[in-house]
Amino acid sequence: METPVATQRLLAFIDAAPTPYHAVAEARRRLVAAGFVALREEEPWSLAPAGRYLVVRGGSSLVAFVVGDRPPGEAGFRWVGAHTDSPNLRLKPRADHVREGYRQLGVEVYGGVLLHTWLDRDLALAGRLVLADREEPLLLRIQRPVARIPNIAIHLNREVNEKGLVVNRQTHLPPVVGLAGEAGEPGWLKAALAREAGVHPDAILGFDLMLHDAAPSAVGGLDGELIFAPRLDNLASCHAALEALLDAPATAASTRGLVLYDNEEVGSESAEGAQSPFLLDVFERIALATGGGREDLMRARARSLFVSADMAHAVHPAFTDRHEPQHMPRLNAGPVIKVNASLRYATTGVTAARFEALARAADVPVQVFVNRTDLACGTTIGPITAARAGIPTVDVGNPMLSMHSIREMAGAADHGAMIAVLTKHYT
Ligand SMILES: [Zn+2]
């Protein structure tokens, strides 16, 4: 199959977004290019009818919205949420050390990393630097493969194929970034970062840095029906929401928007994560700035729908026994509605039916996922948003394999289908 344009744009978005900071910067760049005005939380807001706005919190979460023709109290909010972060390895504050002649970086594990997939990959480094003479942190990206976590040779670990590889987070994960000697003088990491950023080492006051796969995303499969990429969970949903909001009609009764949250992979408990008041703050400020009051905000919430978009588990050909036999999503068979009776997903019969109606209107098939009853279910920002905001919520996502691996895979056709449904949501 020919790779759909939306899927090509997704792969470019993923490659431009090795960290949540870069994902937000890239989303912001595209929104500003389409006429969205950047608001600041610390300034007063005045919003025009049909105005298009965005606001960033913490550099890694973003809300964008288009003001509706009618006040939120009368037409509600139509929203999509996704998360900007993916499981990865992050540098410790004093990361650089030398061991047996190797220069290495101390790393912490962020989220549910499939650890063994990080071995023998060419790793690149990215994140942000806090600089003495800049108000905003500087985004940094070293695109070439500077690091590697070497596997142990099979000759020194003979039973690895029978017993499996157990990766110790403290002792096995520090990547090798070079050899000691002159280059291994104390402070070598700061010196290297300063060189990459073009600043003096003393100007670096702090950093948030993480590793990622240096290889670019790719279209895969004999007929190009697959995509192989890092961070599909959940940059694919961030990108689908972004494309849908950009594709949506310029005017509609409801105020329509998206929220891209950081920190979902570690429980969402941060100043800009889904447990923060970020989205509620924005809803309230929209109600106030469009001439409404507290009651209009309450009315708006009761008239709203929140689509929580996060990736779903496609059936795995070698592990079909891990799936509920009646609910086995397939690649390129359309978006998946995710259901869990314990509300690890926020979907109800009512919100599922609303999403299905949108899919029907977009001429897109949907699938349904329920975990095996004897396996613990994952969760998303959906239940958190539903509980905090009191807004009817549906959990959905496109099917994929290798979730939380350094490199994941999905179907090339599903992305356009998800965008089509979300665009209907915004229409
Ligand atoms: Zn996710």
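The largest nonpolar core has 88 residues, and Val63, Ala64, Ala241 and Leu422 touch the most other members. A nonpolar core is a set of buried Ala, Val, Leu, Ile, Met, Phe, Trp, Tyr and Cys residues joined through C-beta atoms within 7 Å. A residue is buried if 20 or more other C-beta atoms lie within 10 Å of its own, exposed if 12 or fewer, and partly exposed in between, with C-beta atoms placed from the backbone. Helix α6 (residues 232-247) gives this core its largest share, 9 residues. Apart from this core lies another one, of 24 residues, including Leu89, Val113, Leu173 and Leu211.

This is a predicted model, in which local features need pLDDT of at least 70 and side-chain atom pairs count only at pLDDT 80 or more, while totals for chains, interfaces and linings use all residues. Residues are numbered from 1 along each chain as its sequence is written.

Ala64 is in contact with Leu31, Phe36, Tyr53, Leu54, Leu245, Gly257 and Leu258, leaving aside its neighbours within four places in sequence. Contact means that the C-beta atoms of two residues, placed from the backbone, lie within 7 Å.

**The chain as a whole**

The chain has 427 residues, of which 46% count as buried. Its C-alpha trace spans about 70 × 55 × 40 Å along the principal axes. The radius of gyration of the chain is 22 Å, which agrees with the value near 22 Å for a compact globule of 427 residues. This radius is taken over C-alpha atoms, and the globule rule is 2.2 Å times the number of residues to the power 0.38. Among contacts with a separation of 6 or more, 76% join residues 24 or more positions apart. The secondary structure comes to 11 helices and 20 strands. Helices (H or I, at least four residues) and strands (E, at least two) are DSSP runs, numbered from the N terminus.

**Domains**

The chain is divided into domain 1 (5-86 + 230-425) and domain 2 (88-211), with bounds from an automatic or database domain assignment. Their centres, taken over C-alpha atoms, are 31 Å apart. Across the boundary, 13 residues of domain 1 are in contact with 17 residues of domain 2. The domain 1 side of this boundary has 5 nonpolar, 6 polar and 2 charged residues. Here Ala, Val, Leu, Ile, Met, Phe, Trp, Tyr, Cys and Pro count as nonpolar, Asp, Glu, Lys and Arg as charged, and the others, Gly among them, as polar.

**Strands**

Two strands pair if DSSP finds at least two bridges between them.

| β5 (residues 88-99) and β6 (residues 102-110) | 8 bridges | Leu89 and Val109 |

β5 and β6 form a hairpin with 2 residues between them, and Glu100 in the turn has a positive phi of about 50°. β11 and β12 belong to an open sheet of 5 strands in the order β11-β12-β20-β19-β15, with mixed pairing.

Leu205 lies in strand β10 (residues 204-213). Why does Leu205 count as exposed? Leu205 has 12 C-beta neighbours inside 10 Å, so it counts as exposed. Leaving aside neighbours within four places in sequence, Leu205 is in contact with Val130, Leu131 and Ala132.
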